[in-house]
Amino acid sequence: MNPSGDVNKVRIGLVGKPNVGKSTFFSAATLAKVDIANYPFCTIEPNVGVAFVSARLQCPCKDIRDKLEQEGRLEPTPPDDPRQGSLCEPRTGSCVGHMRLVPCFLVDIAGLVPGASEGRGRGNAFLADLANCNALIQVVDAAGSTDLEGNPQGLNQSPEIARARVIEEIEFLALELDAWIAGLLMDGWARGVRRVQAEGDKGLVSFIHERLTGLGATLQSVSLAHDAFRMEQPSLGSPWDWDGAVISSLAVHLRKALFPIHIAANKFDVAPEGVLEGVEANGCIVPCMADVELGLRRAAGAELIEYTPGLTTFSFSESNTLNDAQIKALAHMKERLETHNGTGVATMLDTVLFDELEHIVVYPVQDENRWTDGDGKVLPDAFVVPSGIQAKALAYKVHSDLGDGFIRGVDGRSRRVVGADHELQDGDVLKIHAKS
Ligand SMILES: Nc1nc2c(ncn2[C@@H]2O[C@H](COP(=O)(O)OP(=O)(O)O)[C@@H](O)[C@H]2O)c(=O)[nH]1
Ligand SMILES: [Mg+2]
């Protein structure tokens with residue numbers, strides 16, 4: 001899959017049949033008391049929002065504070081500090097208690113209906129939306145309370161029925177993607193196999209690659225999928241003779257390589273116990289309660305409670321008096337939060353961004369001593385980038401001029417000079433020197 005829009009931001013798509021809680025998940029995850037003025041195109045596309053995800057490591061402003069305190073230049077954080085010690089000045093997102101929030105785009109992709117691959121519903125527009133994301137989360141109804149079209153089937157399902165529905169949902173999206181990929185391949189198959197005659201398997205792989213570049217296929221991913229397919233079916237003859245069924249099974253391998261689908265097992269608060277036992281996915285599976293997360297974030301926004309997304313509890317604000325209905329609703333949410341170890345919404349995004357996509361957070365600065373930008377702002381930028389990114393590639397993400405003129409980097413902690421191919425680690429602070 002490949003990114004679009006702001007190439008520096010990860011784009012995560014939410015997909016699933018109707019009525020599973022996609023829009024609820026989207027609203028909860030994108031509801032933040034932060035200015036989104038920096039993301040103009042989010043207001044153009046109503047289904048695109050910014051979700052703030054907590055960096056896994058403490059913000060480097062912790063190092064600054066520790067050093068200043070040691071040198072006696074700064075008093076320890078007072079207990080009533082609203083920023084709980086943070087010293088940085090994030091341009092986007094925020095940082096409290098050295099917990100730095102970094103942005104990623106979230107897209108609410110409606111339109112998964114049976115036959116999407118044949119053009120039903122939003123058809124190709126739907127599939128193109130999927131291909132435009134760096135990662136996909138399929139929201140499923142873990143309670144089994146809806147059928148494939150989203151029609152309510154009642155709560156209190158047995159674990160067996162709910163599990164069967166969840167498996168059916170997961171397979172349903174996979175089948176649509178398989179059919180779509182198979183269709184793209186069959187379209188030019190005759191032309192493709194002619195190249196096999198001339199170039200052998202290599203020709204086939206590059207034909208598939210060309211057909212699927214719009215889906216973010218790389219030569220390497222296609223080649224791996226092709227090898228796995230050949231291993232599974234070693235005695236196939238020439239691609240000339242492959243029928244639709246064979247091409248479809250090749251499409252399955254390609255789909256697995258191109259579209260890992262991470263599962264948000266939503267409505268977990270009303271799901272029967274053990275529903276996810278034995279359920280398999282081509283990605284991670286995280287139990288979620290999107291509506292609880294939405295309720296908590298709204299209550300926190302209204303300053304009724306203090307709640308940090310991702311945590312397993314919250315506290316009531318002292319300053320606000322609650323009416324009986326609010327107390328009852330919040331007590332109910334608190335109980336659900338504590339029995340299920342959090343709502344799963346923040347965990348889901350954290351897992352997809354950092355484990356599945358293997359991204360890290362790095363901090364480019366202009367002054368390697370003070371960790372500031374040209375205006376003296378402390379650690380203004382936190383970039384979410386693929387793990388193993390090299391110094392010069394990061395320079396390009398900051399600004400193309402900085403990449404073109406790259407001379408060297410300086411590691412903010414060790415003050416060591418690093419070259420263009422220096423690989424960055426999570427939490428690194430880097431100064432980039434470039435010809436201007
Ligand atoms: N019990 C429960 N209901 C939920 C949860 N998340 C969403 N819902 C409800 O599911 C219904 C469908 O939600 P919506 O976000 O509109 O689904 P979409 O069609 O997939 O976008 C709404 O009535 C939500 O309140 C959840 O975690 N638990
Ligand atoms: Mg919706």
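Biologist: When H8 passes H9, is the crossing left-handed or right-handed?
Modeller: H8 passes H9 in a right-handed crossing, where right-handed means that the near helix is turned clockwise from the far one by less than a right angle, and left-handed anticlockwise. Helices (H or I, at least four residues) and strands (E, at least two) are DSSP runs numbered from the N terminus. Please keep in mind that this is a predicted model, in which local features need pLDDT of at least 70 and side-chain atom pairs pLDDT 80 or more, while totals for chains, interfaces and linings use all residues. Residues are numbered from 1 along each chain as its sequence is written, and chains are lettered from A and ligands numbered from 1 in the order in which they are written.

Biologist: At what angle do the axes of H8 and H9 cross?
Modeller: They cross at roughly 135° and come within 9 Å of each other, the axes being lines fitted to C-alpha atoms over the stretch in contact, with angles from 0 to 180 degrees between N-to-C directions. That angle makes H8 oblique to H9, because under 35 degrees counts as roughly parallel, over 145 as roughly antiparallel, 65 to 115 as roughly perpendicular and the rest as oblique.

Biologist: And which residues of H8 meet H9?
Modeller: Ser221, Val222, Leu224, Ala225, Ala228 and Phe229 of H8 meet Ser249, Leu250, His253, Leu254, Ala257 and Leu258 of H9, contact meaning C-beta atoms, placed from the backbone, within 7 Å. By class, the residues of this contact are nine nonpolar, three polar and no charged; Ala, Val, Leu, Ile, Met, Phe, Trp, Tyr, Cys and Pro count as nonpolar, Asp, Glu, Lys and Arg as charged, and the others, Gly among them, as polar.

Biologist: How do H5 and H9 pack, then?
Modeller: Helix H5 (residues 159-187) packs against helix H9 (residues 244-258) at an angle of about 120°, with axes 8 Å apart, and that makes H5 oblique to H9. Their crossing is right-handed, and the residues of the contact divide into ten nonpolar, two polar and two charged.

Biologist: What about H7 with H8?
Modeller: Helix H7 (residues 201-212) and helix H8 (residues 219-232) pack at about 125°, their axes being 9 Å apart. On the H7 side Val205, Ile208, His209 and Leu212 make the contact, and on the H8 side Leu219, Val222, Ser223 and His226.

Biologist: Switching topic, which residues are closest to ligand 1?
Modeller: Of the 15 residues that surround ligand 1, the closest are Gly21, Lys22, Ser23, Thr24 and Asp291, a residue being near if its C-beta atom, placed from the backbone, lies within 6 Å. Helix H1 (22-30) and helix H10 (290-301) are the elements that give two or more residues to this shell, and the largest share, three residues, comes from H1.

Biologist: What classes make up the shell around ligand 1?
Modeller: The shell has five nonpolar, six polar and four charged residues.

Terms used. Two residues are in contact if their C-beta atoms, placed from the backbone, lie within 7 Å.
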